[in-house]
Amino acid sequence: MPDFLLELFSEEIPARMQVGAAKDLERLMVGMLTDRGFLFEGIKAFSGPRRLTLAIMGLPAEQKDVREELKGPRVDAPQAALDGFLKKTGLTKDQLKVETTPKGDVYMAVIERKGRAAPLVLGEIIPEVMGKLPWPKSMRWKAGDPVRWVRPLHSILATFDGEVVPCAFAGIKSGNTTRGHRFLSSGEIVVRRFEDYEAALKKAHVVLDAAERAEIISNDIKQKAFALGLEPIDDVGLLAEVSGLAEWPVVLIGTIQDEFMDVPAEILQTSMRTHQKYFSLRDPKTGKMANRFALVANMLTKDGGKEIVAGNERVLRARLSDAKFFWDEDRKHSLDSRVEKLRGIVFHAKLGTQFERVERIEKLAGDIAAKIGADVTKAKRAAHLAKADLTTGVVGEFPELQGVMGRYYAQHDKEDAAVADAVRDHYKPVGPSDAVPTEKVSIAVALADKLDALTGFFAAGEKPTGSGDPFALRRAALGIIRILLENKLRFPLAVSGDLLTFFADRLKVALKEKGVRHDLIDAVFSLGHEDDLVRLVARVEALQAFLKSDDGANLLAGYKRAANILKAEEKKDNKTFTSEVLEGHLSESSEKALFAALGKAKGAIKPALEKEDFAAAMQQMAALRTPVDAFFDGVKVNADEKQVRENRLNLLASLRATLHQVADFSRIEG
Amino acid sequence: MAKARTFQDLILTLQSYWAQHGCLILQPYDDQMGAGTFHPATTLRALGPRPWNAAFVQPSRRPSDGRYGENPNRLQHYYQYQVILKPAPANVQELYLGSIRAIGLDPDLHDIRFVEDDWESPTLGAAGLGWEVWCDGMEITQFTYFQQVGGIECDPVCAEITYGLERLAMYVQNVEFVYDLAFNEQFRYGEVFHQNEQEFSAYNFERADTEILFQHFKDAEKQCRELLTGKKLALPAYDQCIKASHAFNLLDARGVISVTERAAYIGRVRALAQACCEAWLETPMGAYTPRYPSKEVG
């Protein structure tokens with residue numbers, strides 16, 4: 001079956017948008033084709049600096065025929081209704097049939113649409129898809145035309161089975177030509193099919209597939225680094241970005257001048273990555289950053305890239321001179337002396353300046369330090385200095401180095417090592433893959449920093465919404481959760497209301513990955529008095545293990561049965577059963593047994609919970625399974641005699657209350 | 001394709017290149033401004049339906065970039081070369097690359113790239129999409145398709161090409177310290193501008209009288225507003241907007257404007273720019289219906 005090829009050729013597409021645009025193009029095209037009854041064998045989408053490409057394999061040459069019957073107005077309906085129906089169907093009155101229905105005689109239109117040729121359908125779809133493609137940011141460029149594309153569009157290549165699919169978008173008519181590399185190729189290239197296309201582009205110095213470009217870059221960097229006894233420092237984000245900046249990637253190696261090598265590696269690396277998109281290299285033996293970098297050009301030159309490397313080295317020297325200047329200047333003033341300057345930096349309109357924030361964090365860090373056994377003086381000192389690097393030149397230039405620079409400056413000021421580390425690590429974890437701080441002083445400041453942000457923003461009414469979390473509060477809450485759990489820290493969060501619910505939600509997300517059931521977290525959380533996450537998780541985990549056991553599953557079933565009966569009867573009686581079970585009214589042996597078992601369990605569960613021996617608490621619950629099962633087998637709850645019935649209901653309520661000591665079983669699914 | 005060996009060669013080459021490609025060669029605007037975009041030949045002419053092709057050098061002042069003549073490439077006064085093409089021709093990237101060849105940068109030996117960089121001027125209420133053009137990792141040009149100026153949609157869309165002349169010259173001349181640039185065969189850039197940088201850095205950061213500047217700002221704002229009431233005078237009003245903007249930049253460099261105030265000041269300048277742009281669209285040269293007598297209209 002024939003193939004379809006589409007290429008949308010424009011001026012340079014931002015690297016960050018390319019891959020997403022190709023995916024959107026594929027998604028929209030697939031949707032429209034299937035809506036029109038077209039199935040195909042395969043589809044591939046490609047993106048690069050100047051083009052989006054879609055290749056569809058095995059697309060039928062013709063659409064299937066469609067027969068459609070449409071019911072119209074009754075024959076005695078007003079003329080206007082009939083006119084409307086004729087207009088809608090595009091038929092004349094004598095082409096309509098009359099059909100007798102229970103509601104009377106109605107007009108019927110039979111529309112038979114002959115399947116149309118694929119190129120005709122494609123010609124209609126292409127402009128529609130292009131109009132719908134959701135660029136994150138797009139522009140107008142045609143006078144008097146509201147049409148948008150990411151940058152001016154230059155050509156549309158559209159062929160089906162080797163022939164041009166006629167269509168137009170933004171006044172540009174489709175054709176069968178494209179262009180190669182901007183500098184390494186000239187003139188138009190005529191293309192009929194995907195196979196010619198990919199090969200012709202390669203000849204014209206364009207690697208079509210972004211994944212292939214990334215692989216070329218990654219391999220070349222590795223090889224060139226290896227030849228120098230070095231290895232690249234992995235940077236997936238950068239690799240994806242530079243793959244979108246070159247149609248014909250060429251890796252070249254440049255040298256960093258010695259005078260910059262005593263500047264902290266993080267500064268060099270950040271400057272090279274953010275400003276210049278260079279890869280850093282390191283010595284695999286020592287792990288130390290090397291005085292070489294890898295750059296990815298989009299050009300092959302006669303001189304083997306000599307001028308390009310020289311030019312890039314020159315640019316880098318200017319960049320690093322700037323960075324080094326800041327680094328040297330910054331160290332002329334101590335971090336301590338910079339704290340005052342935080343008065344001039346607004347943290348948030350409703351939450352005051354960074355200085356005020358530091359004052360709060362300092363106090364909080366001291367309190368937390370006392371509770372978790374960290375050095376209070378050091379924690380307060382670290383908190384005091386934690387934000388001071390925001391006033392430095394390096395952090396002004398590279399905000400992502402906040403904390404990292406603070407540590408360097410703290411070390412330079414001869415601050416205590418734990419203090420310096422905490423200045424850096426209090427931002428941690430900065431993402432799901434980042435490690436949490438493990439030193440107590442760092443932990444105290446990290447918790448204080450995040451708790452202050454959370455309580456502050458929640459109090460100011462700046463809660464995250466479904467679509468937005470501008471202050472990264474989810475990350476902050478998750479950070480706190482991870483710090484506490486991974487360090488097994490016993491520390492009451494001392495939060496309530498919305499914020500506690502927010503934590504519960506974050507906790508569910510965090511534990512979901514570990515296979516912990518979210519309903520069990522709810523069940524424990526909804527007891528309402530648990531803000532010690534370590535204890536909470538231990539309880540949830542014990543509960544989950546228990547429910548997996550035979551006893552647990554059966555007890556849960558028994559609980560549900562009891563709860564359902566109670567619910568129905570409580571509704572009927574319009575009251576809640578909470579009274580004492582009267583032993584004297586118990587007659588059946590199985591209800592006596594359950595009463596005894598409950599008495600024993602209730603007495604044992606409480607101290608077990610208090611000792612945080614959750615396994616023991618679960619064991620006590622397990623002991624209830626047999627008497628519960630026996631009770632339901634041998635006893636009719638709704639006895640005729642009122643007193644007996646109420647007593648039995650109170651017995652079930654006692655079961656419910658006993659289990660609710662451990663968790664709210666009504667929240668447990670299954 | 002001889003290299004533009006001196007700073008003034010570079011300017012002359014660009015002037016003749018863009019003149020050959022149909023641009024009016026205008027002169028710098030005689031007001032202090034932060035960038036060539038403030039030149040009325042860009043801000044105002046970018047609006048309205050009339051075609052417009054112009055190129056000019058614009059001295060640009062960024063008071064807070066002063067480094068007392070000690071930084072290798074940062075200047076509080078420097079030159080921009082600006083080209084404005086309306087409507088943007090379909091081959092505008094090719095035209096631009098032609099100018100790069102003309103000044104002696106051979107794209108076959110270098111790595112020329114168009115890297116995403118959307119431009120926005122909060123003070124002018126202007127925004128556009130485009131790139132910074134890289135030559136071997138060095139940003140040599142800002143390339144923008146204007147979408148909006150003074151809060152008004154541009155139609156037709158124009159292309160704005162802005163070369164940072166000193167930076168470009170440093171690249172062409174292979175010089176690392178801006179003051180070492182050959183201005184012509186006889187003078188170095190430092191001989192022309194080093195003292196200027198020293199003195200103006202001191203003025204910008206230490207000596208500029210902030211009370212006077214605040215008053216300048218207020219006066220300019222007031223005069224601008226007045227010129228836009230009654231019989232509107234869009235061009236003189238826009239002059240006042242430029243003056244207000246520069247007064248703000250100086251105050252900012254003096255460090256007397258707090259973060260929150262900063263946004264408010266920018267908003268005030270933007271409001272002036274917007275009002276000027278709206279007034280401009282009511283004038284003969286800005287209006288949709290050409291009222292200025294010219295041959296085409298007959």
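A residue counts as buried if 20 or more other C-beta atoms lie within 10 Å of its own, as exposed if 12 or fewer do, and as partly exposed in between. Keep that rule handy as we walk through this structure, which is a predicted model.

You'll find A:His205 in the loop between helix H4 (194-203) and helix H5 (210-227) of chain A. Its phi is near 60 degrees, a positive value in a residue other than glycine. Is A:His205 buried or exposed, or something in between? A:His205 has 18 C-beta neighbours inside 10 Å, so it counts as partly exposed.

Now hop over to chain B and look at B:Asp136. This residue isn't a glycine either, yet its phi is positive, at about 50 degrees. B:Asp136 sits in the loop that links strand E6 (126-135) to strand E7 (138-149) of chain B. Here the count is 26 C-beta neighbours inside 10 Å, and therefore B:Asp136 is classed as buried.

While we're on the backbone, check out the cis peptide bonds. One runs from A:Lys428 to A:Pro429, with omega near -5 degrees. A:Pro429 belongs to the loop between helix H14 (417-425) and helix H15 (440-459) of chain A. In chain B, the bond from B:Lys86 to B:Pro87 is cis too, with omega near -5 degrees. B:Pro87 lies in the loop between strand E3 (77-86) and H3 of chain B.

That helix, H3 (residues 92-102) of chain B, brings us to some packing. H3 of chain B packs with helix H1 (residues 7-20) of chain B at an angle of about 145 degrees, and the axes are 10 Å apart. The crossing of H1(B) past H3(B) is right-handed. Which residues make the contact? From H1(B) come B:Thr13, B:Leu14 and B:Tyr17, while H3(B) supplies B:Gly98, B:Ser99 and B:Ala102. Sorted by class, that gives three nonpolar residues, three polar ones and no charged ones.

Last stop: a sheet in chain A. Strands of a sheet pair through backbone hydrogen bonds, either parallel or antiparallel. This open sheet has three strands in the order E4-E6-E5, with antiparallel pairing. Strand E4 (66-74) and strand E5 (97-101) are the edge strands, each pairing on one side only. On average, neighbouring strands are turned by 35 degrees against each other, direction ignored. E5(A) and strand E6 (residues 104-113) of chain A share five bridges, and A:Thr100 has A:Asp105 in E6(A) as its bridge partner. Helix H2 (residues 79-89) of chain A packs on the sheet, touching E4 and E6, and its direction makes about 170 degrees with that of E4(A).

Note on methods:
Residues are numbered from 1 along each chain as its sequence is written. Chains are lettered from A and ligands numbered from 1 in the order in which they are written. This is a predicted model: local features need pLDDT of at least 70, side-chain atom pairs count only at pLDDT 80 or more; totals for chains, interfaces and linings use all residues. Axes are lines fitted to C-alpha atoms, for helices over the stretch in contact, and angles run from 0 to 180 degrees between N-to-C directions. Helices (H or I, at least four residues) and strands (E, at least two) are DSSP runs, numbered from the N terminus. A crossing is left-handed if the near helix is turned anticlockwise from the far one by less than a right angle, and right-handed if clockwise. Two residues are in contact if their C-beta atoms, placed from the backbone, lie within 7 Å. Ala, Val, Leu, Ile, Met, Phe, Trp, Tyr, Cys and Pro count as nonpolar, Asp, Glu, Lys and Arg as charged, and the others, Gly among them, as polar. Two strands pair if DSSP finds at least two bridges between them.
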